Amino acid sequence: MWTIAGEGIHPSDEKGITSSLPIEGIRPPGKVVIPLSQHIGAPCEPLVKIGDMVKKYQKVGEAKGFVSAPVHSSVSGKVIAIGRFPHPSGNQSNSVVIESDGKDETIDNIKGRRDYLNSDPKELKNIILNAGIVGMGGATFPTHVKLSPPKEKKIDTVILNGAECEPYLTADDRLMAEMSREVVEGMKILMHVMGVREGHIGIEDDKPVATEAIRKAASGTNIRVVALQKKYPQGAEKQLIKSITGKEVPSGGLPMDVGIIVQNVGTAAAVYNAVHNGIPLVERIVTVTGKGVNRHGNFRVLIGTLLEHVLSECGGLAGGAGKIIFGGPMMGIAQYSLHVPVLKGTSGILVIPKGDVLLEDFRACIRCGRCVQACPIRLLPNMYSILAEVGQPKEAEKYYVLDCIECGCCTYVCPSRRPIVHHIRYIKAEMRKAKGKVA
Ligand code: SF4
Ligand code: SF4
């Protein structure tokens, strides 16, 4: 069994709530809010104005710059506002608001490409760019950029990430179980674009149905399905590379430095949908879970659907929500409004009831070393926490704080309940400020 180098953690995963529930649709919303920034990189420029009628799949925001990705309308209807609206990141973001006409009229001339494995890789990359595809595991890095490494970086391996190690989340599990062909064909397209022959799909061993489905779909190809030991954060990019290939991405480096490109399984399915069917990224699978919501499941949700609509489709909140998180409990982001939209990177909506939210003051570090032992990158989280507390964030650079992937293992194990990840984020923000970048 392949596994990560550091100790990691084994939190109660609670995946059983939704892991056997098939993907289903929810009623489309009356309006969608499409943020012009749903990816790492420059926000899009709007292509529409208030009062315009748009069709489903129509591009409503154009990528601005190389590291960017366009956005499309997920409904047909009328543009009723363009401006700053609540964004799941915690800020407000420029967004296009579209009132649905309920007709679901799509743009004309949707053309897929059936002979994709004989197509020019450059053309395929262009299709992926124009479909607005980004990393759907949550990182939201534009996919066409990852597929365009500098010439001197020779890529020989593509890895698909199907680990889904975050507790509670099962969207990728169900996707692999029910859409294995799309995932594997998407992988073939990615390998063709990169001109590589070696492909691996890594899946944690708690997903036997998905693993079997992907194995079947990949049989007879040169794609290897790798069972990974269930452990958090098995699905972190650098950990996944080490587990599967034994290669270590250098400090401050990227997977391409060791000849590898990693994509999420949802991204691969979106690539297939864009290339084979000619459809841009306007919907995704979202796990809705936690004791604080009445109905759980893995739902196909249109991008731009507001959180309040998803929750109402799931029977509403179950007796007072204490916290609503986009993503999982380890790396997700707590939400402050029910009016934030589902984005391309929203893998889950976790609702924790009031009684389960632990509010406790943190205490002094007792130097027990548990955080050091748990850290998958083999860093010194206790040191960062203390340096942040005493107001010496710059000192942390010496101890490779920038290699921290903010997985939360250190915070999870700390008996003094120290907010170590918050401390690390504070340090990184201070370092960005010191280098003249916006914090
Ligand atoms: S959050 Fe950073 S320091 Fe803490 S365990 Fe994860 S990688 Fe290590
Ligand atoms: S786990 Fe907490 S108390 Fe123990 S060394 Fe790390 S920061 Fe200190």
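**Charged pairs and cysteines**

Mentor: R378 is exposed, at a relative accessible area of 51%; exposed means over 50%, buried under 20% and partly exposed in between, with a 1.4 Å probe and protein chains only. This is a predicted model, in which local features need pLDDT of at least 70, side-chain atom pairs count only at pLDDT 80 or more, and totals for chains, interfaces and linings use all residues. Residues are numbered from 1 along each chain as its sequence is written, chains are lettered from A and ligands numbered from 1 in the order in which they are written, and side-chain values use heavy atoms, with hydrogens and water left out.

Trainee: Which side chain meets R378 in a salt bridge?

Mentor: The partner is E248, with an N to O distance of 3.2 Å. A salt bridge here is a side-chain nitrogen of Lys or Arg within 4 Å of a carboxyl oxygen of Asp or Glu. R378 sits in the loop between α9 (370-374) and α10 (381-389), and E248 in the loop between α6 (237-245) and β12 (260-264), so the pair ties together parts 130 residues apart in sequence. Helices (H or I, at least four residues) and strands (E, at least two) are DSSP runs, numbered from the N terminus.

Trainee: And E248, what is its relative accessibility?

Mentor: E248 has 47% and counts as partly exposed.

Trainee: How many salt bridges are there by this rule?

Mentor: The count is 26. Among them is the pair E185 and K188, at 2.8 Å from N to O. These two residues are three apart in helix α4 (residues 180-194), which means that about one helical turn separates them.

Trainee: What about K207 and E204, at what N to O distance do they meet?

Mentor: Their side chains form a salt bridge at 4.0 Å. K207 is buried at 1% relative accessibility, and E204 is buried at 1%.

Trainee: Changing topic, how many disulfides are there?

Mentor: The count is zero, where a disulfide is a pair of cysteine sulfur atoms within 2.5 Å. A disulfide is a covalent bond between the sulfur atoms of two cysteines.

Trainee: Then are C371 and C375 buried or exposed?

Mentor: C371 is buried, with 7% relative accessibility, and C375 is buried, with a relative accessible area of 8%.
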